[in-house]
Amino acid sequence: MTLKLGRHEFADDATLMMAIVNRTPDSFYDQGATWAEDKAFDRVALVVEQGAEIVDIGGIKAAPGVEIGAAEEKSRVVDFVARVRETYPGLVISVDTWRAEVGRAACAAGADVLNDAWGGADPELVDAAAEHDAAIICTHTGGVTPRTRPYRIEYDDVVAAAIADTVAYAERAVAAGVDPGSVVIDPAHDFGKNTFHSLELTRRLDEMVATGYPVLVSLSNKDFVGETLDLPVGERLTGTLAATAVSALAGARVYRVHEVIETRQVVDMVNTIAGRRLPTRAIRGLQ
Amino acid sequence: MSLDTPPLVPRGGYSTTDTTVVLVPGVLALLPEYAGLTDPVAELRAACLEAVARLGEGPVSILADPQGERVARALLSAVGGFEAQAPGRLRTSTTDGQAPGRLRTSTTEGEAPGRLRTSTTDGQASGRLRTSTTEGEASGRLRASATEGQVAGRLRASATEGQASGRLRASATEGQAAGRLRASATEGQASGRLRASATEGQAPGPLRASTTDDPVVEVQGAPATSLETTTASYLVVGNGSACRTEKAPGFLDDRAAAFDDALRSALVAGDVSGVDLALGRELLASLDGISRLGEILAPGAEVTIDYDDAPLGVQYWVMRWES
């Protein structure tokens with residue numbers, strides 16, 4: 001099925017780079033580097049130039065911290081979405097929010113995708129997507145409260161749980177009126193999961209791909225990479241790209257990333273090895 | 001692939017010949033299985049396709065080494081006028097109003113090399129059908145068309161287990177012959193049926209034939225005009241040296257440029273008899289097809305150079321000879 005992300009459509013075999021753009025003062029990776037609107041806008045310009053098909057704009061960091069109300073979240077996100085929309089009509093704009101109120105305002109300002117990293121914590125978010133013909137990212141968090149860290153969470157089978165929850169969420173979205181071609185599922189590495197869970201999800205990602213829903217992976221610089229290699233934020237790119245390669249081989253379609261160029265190269269290389277993509281230019285020995 | 005001998009000369013009829021020869025290089029990057037997202041030989045490909053399209057929709061004989069033959073088939077398929085399994089050559093001749101003279105076609109790559117021959121004289125027909133198969137089974141199909149005094153023919157042939165059945169159809173316009181031939185064979189023998197019809201009172205009426213061991217053909221219908229047709233299209237695959245630069249497949253060889261210049265001159269002159277084939281092979285030139293140009297080029301054929309460059313250290317030409 002053609003993937004429809006708001007105003008934009010992509011072929012079945014297309015892989016997409018979703019570049020993270022934080023409108024936050026405290027996100028873990030960049031520590032507020034793009035908190036100022038102009039800095040965030042510069043980041044959008046950069047990732048567009050690097051080839052990102054999607055930007056994922058977030059106004060609240062995932063980790064616990066100062067509570068940010070809906071009004072404040074909207075003030076960080078909505079006008080910024082409108083500015084990006086106006087400047088980059090061909091760019092897919094995703095907004096990282098769990099709140100329906102924020103989602104509605106963002107879609108009205110031009111967002112194409114609602115990226116619900118918190119697994120449907122606000123049941124009306126699907127309605128917001130449906131009302132605006134937007135796409136929705138259905139994640140698995142194990143039912144945790146937004147902006148909490150996992151604590152002694154266990155699963156009988158984390159992959160089965162991720163599939164059951166994301167597919168149920170997807171079906172709920174479709175029932176609410178979201179286009180079936182606009183539903184993406186995400187196992188949500190690190191969210192409601194320990195490192196072993198995230199590693200197993202990576203190892204068995206093909207089972208999520210087999211659901212038929214396009215799969216998004218958000219691996220970039222996460223703790224499961226850091227714990228696996230005992231490396232701090234800032235030194236996790238190689239590990240991230242290794243996890244990216246495994247996910248690409250399994251058939252992931254969308255990659256939520258900090259580093260666009262490196263991820264694109266890995267995904268293209270793996271998909272070409274897998275026979276799903278052609279070499280860009282092949283002449284060696286073929287003259 | 002072997003070439004056919006000339007068709008029978010009709011008695012009291014007329015003949016026409018329309019021969020087109022195209023040369024393309026055996027660049028594997030032209031094959032669809034080696035396609036990338038971008039085309040490293042886009043300009044060359046465009047020139048090849050434009051030239052190959054001029055070979056028309058009839059059967060085309062390929063002169064090439066095995067890799068070059070794959071390139072030829074890919075190009076012919078790409079221009080859409082070629083049924084990929086049957087590079088062949090069709091010849092038809094009639095005298096005294098009788099229908100199809102001689103038809104040959106062959107196929108390779110696990111399909112049947114098939115061979116069909118018929119000839120007619122003096123209002124009667126003797127037919128001879130030959131088919132052979134390799135790799136156990138085979139099927140072939142050949143189509144040809146012509147106008148303005150030519151014959152359009154259509155051939156279908158299939159064979160299994162060393163046996164063969166064939167079918168030929170031909171039609172023509174403007175008072176020329178239209179013929180249809182069907183033939184089948186079992187156990188090394190052949191029974192065939194030939195049918196022909198024409199408009200405007202010109203060519204043979206129904207013609208039917210069947211053979212067992214020694215072909216026997218029964219003819220029905222009235223004699224009409226005399227006709228001989230020879231249509232020939234050739235796709236030759238070959239190229240110059242692969243040693244033109246340090247990054248060339250064969251590295252830089254100081255003799256390469258001069259060799260390519262000499263080969264170009266020979267191609268333009270339509271006479272490759274003086275080409276130093278031994279040196280060419282040393283320089284990794286692809287000459288199997290080119291060395292046979294003398295068999296098919298008519299004296300005085302008009303030559304056109306559509307492409308002449310060595311962008312990847314290999315000398316490529318796209319040329320056409322028309323007569």
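**A guided reading of chains A and B**

Leaving aside its neighbours within four places in sequence, Ser323(B) is in contact with Thr19(B), Ala298(B), Gly300(B), Ala301(B) and Glu302(B), two residues being in contact if their C-beta atoms, placed from the backbone, lie within 7 Å. The model is a predicted one, in which local features need pLDDT of at least 70 and side-chain atom pairs count only at pLDDT 80 or more, while totals for chains, interfaces and linings use all residues. Residues are numbered from 1 along each chain as its sequence is written, and chains are lettered from A and ligands numbered from 1 in the order in which they are written.

Ser323(B) lies in the segment after strand S17 (316–322) of chain B. Its C-alpha atom is separated by 6.8 Å from that of Ala298(B), 25 residues apart along the chain. Why does Ser323(B) count as partly exposed? Ser323(B) has 16 C-beta neighbours inside 10 Å and therefore falls in that class; a residue is buried with 20 or more other C-beta atoms within 10 Å of its own, exposed with 12 or fewer, and partly exposed in between.

Chain B as a whole comprises five helices and 17 strands, which are DSSP runs numbered from the N terminus (helices: H or I, at least four residues; strands: E, at least two). Of its 323 residues, 51% are buried. Among the contacts in chain B with a separation of 6 or more, 59% join residues 24 or more positions apart.

Helix H2 (residues 66–79) of chain B has 14 residues and reaches 20 Å from its first C-alpha to its last, close to the 20 Å expected at 1.5 Å a residue; the expected span is 1.5 Å times one less than the number of residues. The buried residues of H2(B) include Gly68(B), Val71(B), Ala72(B) and Leu75(B). After H2(B) comes Gly80(B), with a positive phi near 85°.

Between the chains, 14 residues of chain B are in contact with eight residues of chain A. The side of chain B that touches chain A divides into 11 nonpolar, three polar and no charged residues (Ala, Val, Leu, Ile, Met, Phe, Trp, Tyr, Cys and Pro count as nonpolar, Asp, Glu, Lys and Arg as charged, and the others, Gly among them, as polar).

In chain A, the axes of helix H9 (residues 237–250) and helix H10 (residues 260–273) come within 9 Å and cross at roughly 35°. Axes are lines fitted to C-alpha atoms, for helices over the stretch in contact, and angles run from 0 to 180 degrees between N-to-C directions. The residues of this contact divide into eight nonpolar, three polar and one charged.
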